[in-house]
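Here is my notebook from a first look around this model. Come along as I check a few spots one by one.

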Amino acid sequence: MDTRQYIKVILPLRLEWEPCYYLPGAGTFVRTGDRIKVLFARKWYIGVVAQTGVTPGIDPSKIAPAGELDTGLSPVSSRELEFWRFLSSYYLCTLGEVYKAAYPLPRLASEEVQLRAAKRRELLLEKEIALWQNRISKLESRLEAKLSALNSRHSESVRSRLCAERDKVADELALARARLASLGSNIFSSQAQYGTILQANTPDSLITNALKINKPVLFKSTERTGTYLSLIREYLKRGKNAMLLVPEISLAESLRKELEEAFGEMLLVHHSGASAVRRRKISDHVRSGEPYVVLGTRSSIFLPFCDLGIVIVDGEQSAFYKQSECAPRYNARDAAIVLAGIHGAGILLGSSSPSLESLLNARTGRYTMVDKTVDGVRQGTAVTVDTGVERKKNGMLGCISKKLYKSIADCLQADTGNKVAIIRGFEKEEEATAQLDALFKERKDCFHIFSIPEAQRCDLSDYQLIAILSADALFKAEDFRSDERAFQFLDKLRGECGYVMIQTSGSGHQVFSMKSAEPLLEERRRFALPPYTRIVDVILPARGDASVIGAELSSKLREDGFNASDTIPRADGKSVLRVVFKREKDLNAKKIALSAAIKAFSTGHKVQGNIILDVDPL
């Protein structure tokens with residue numbers, strides 16, 4: 001009779017299954033979430049116990065024993081595992097790939113180094129305690145001898161000497177006992193010192209009431225940071241913690257000072273630019289139960305949260321929340337909503353120009369909308385210059401139209417302190433710089449030139465005029481999302497500056513005159529595009545016969561009932577098939593069926609290289 005105990009273990013590998021091991025020795029015990037060391041394919045890994053009390057589905061003689069059970073590493077919580085399983089299921093990747101993203105190798109290495117250092121400190125502590133205990137024992141014996149000697153008859157000078165020696169030994173004994181007592185409380189531990197939480201206005205009642213409904217709140221406003229701070233303070237007073245997600249490292253760093261002034265050392269800034277040691281310390285702090293406010297980028301969703309009260313996602317429309325390079329190819333905004341739900345936390349999505357997905361969710365009642373913009377419309381002024389007409393009538397001054405030249409000249413003449421931001425489209429930076437130097441020799445220090453991606457990341461509210469050269473560069477015919485992104489970008493600029501000029505050869509484009517995103521939503525509905533549908537991109541490996549493989553796979557998927565496109569070439573040499581799904585309750589089951597069909601095709605056709613599935617691509 002087989003009396004061994006079997007477990008399943010998650011490994012940081014792209015495995016479609018969870019390997020099974022047995023616990024060596026009688027009476028051994030592990031729990032779900034424990035991190036143990038196991039041997040797989042002749043290599044040792046730190047795995048996570050996914051399930052205990054398993055009935056093996058294979059011959060028990062082929063199952064290997066687990067290795068080191070007591071690694072000393074902190075276990076993975078049940079909420080973390082629940083979150084990992086969601087990411088694995090929704091984004092069609094393995095649980096091992098999610099584990100690898102949550103606990104990357106540098107972090108594991110840092111944890112193991114920290115563990116070894118802690119063991120060394122513990123050993124030194126034990127030795128020091130033993131030394132002081134031995135010294136105390138000797139001092140007690142000496143003190144007892146002095147007291148005994150004083151009970152005998154002595155001359156005055158001898159008694160005086162014995163009393164002095166007794167007092168000296170007693171003082172040494174008191175100091176030794178105090179030292180031992182401090183060692184018993186672990187002199188190596190360091191409690192974080194927290195700054196005073198600055199007082200501020202109470203949170204906006206509209207938002208606090210909306211958060212009580214237990215569904216995501218979409219907060220549309222140009223001024224959001226103050227609201228975030230007041231909300232975080234409120235949750236900290238309740239004994240809960242907070243996470244503020246931002247799309248980029250530069251934005252996290254720009255907010256750091258303001259949040260440090262408000263929350264002191266409770267603020268934990270977490271992003272890929274921080275060292276592995278720093279990120280490990282943040283993880284330890286979050287797990288410890290001490291109060292915290294996490295300010296981080298998308299990878300922060302993998303921290304081992306406890307007592308999480310609110311999750312705030314700023315700039316929720318940003319494409320930078322999407323992980324596209326490797327699995328899991330998650331969207332941190334959408335994942336954060338699920339994370340908040342697992343923890344029973346409030347979720348606030350902030351933006352000055354929300355994504356179409358969030359706008360539709362607000363329209364259908366899945367989200368609560370709080371709009372703090374004036375009449376729901378931004379206040380900036382946009383002036384569109386048709387460079388085609390300009391060129392025919394009056395000519396162009398290089399890459400700058402005469403109308404734009406006059407506006408810049410008027411802006412600079414009005415106030416010597418005025419600044420102008422130039423956003424280049426197709427123009428090279430050297431070209432734009434040379435043109436401005438030629439036209440405004442004496443005021444060239446008043447200009448700053450940005451590429452479109454740079455302008456998307458920057459706050460341009462210090463500029464009195466923003467000019468976009470070749471705004472046609474905002475649009476890409478092959479990207480159905482480019483209109484949405486262009487509108488969001490222009491909306492951002494109008495909110496940051498009272499005067500925005502746009503040079504374009506297509507001034508009739510709807511984006512230049514839109515006051516809201518409603519026309520784009522209607523367009524998406526008419527053509528059955530997201531957010532009214534869901535998309536999975538099937539990315540084929542770059543190889544000579546990719547077009548043939550793609551055609552066969554597309555045909556097979558259509559036979560199986562999937563709405564699959566023909567192959568679409570990409571700039572990186574790979575090809576992609578786009579599969580469209582309706583937004584239905586069985587959507588996840590259909591995505592899993594798609595994954596299974598592609599795996600079967602790949603195996604049957606012996607496709608070399610991995611076929612990648614990108615759920616909800618941007």
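I looked up Glu 454 and found its place in helix H14 (residues 452–457); helices here are DSSP runs of H or I with at least four residues, strands are runs of E with at least two, and both are numbered from the N terminus. A note on the source: this is a predicted model, where local features need pLDDT of at least 70, side-chain atom pairs count only at pLDDT 80 or more, and totals for chains, interfaces and linings use all residues. Residues are numbered from 1 along each chain as its sequence is written, and side-chain values use heavy atoms, with hydrogens and water left out.

Next I turned to Thr 533, which lies in strand S19 (residues 533–540). I count Thr 533 as buried, because its relative accessibility is 8%. A polar atom of the Thr 533 side chain lies 3.1 Å from the backbone oxygen of Ala 528.

My last stop was Leu 108, found in helix H3 (residues 105–150). With a relative accessible area of 7%, Leu 108 is buried. I also looked up Leu 73, 35 residues apart from Leu 108 along the chain: the C-alpha atoms of the two are separated by 9.2 Å.

Terms used: Buried < 20%, exposed > 50% of the residue type's maximum accessible area, 1.4 Å probe, protein only. Polar contact = N/O pair within 3.5 Å; in protein donor to acceptor, adjacent residues only side chain to side chain.
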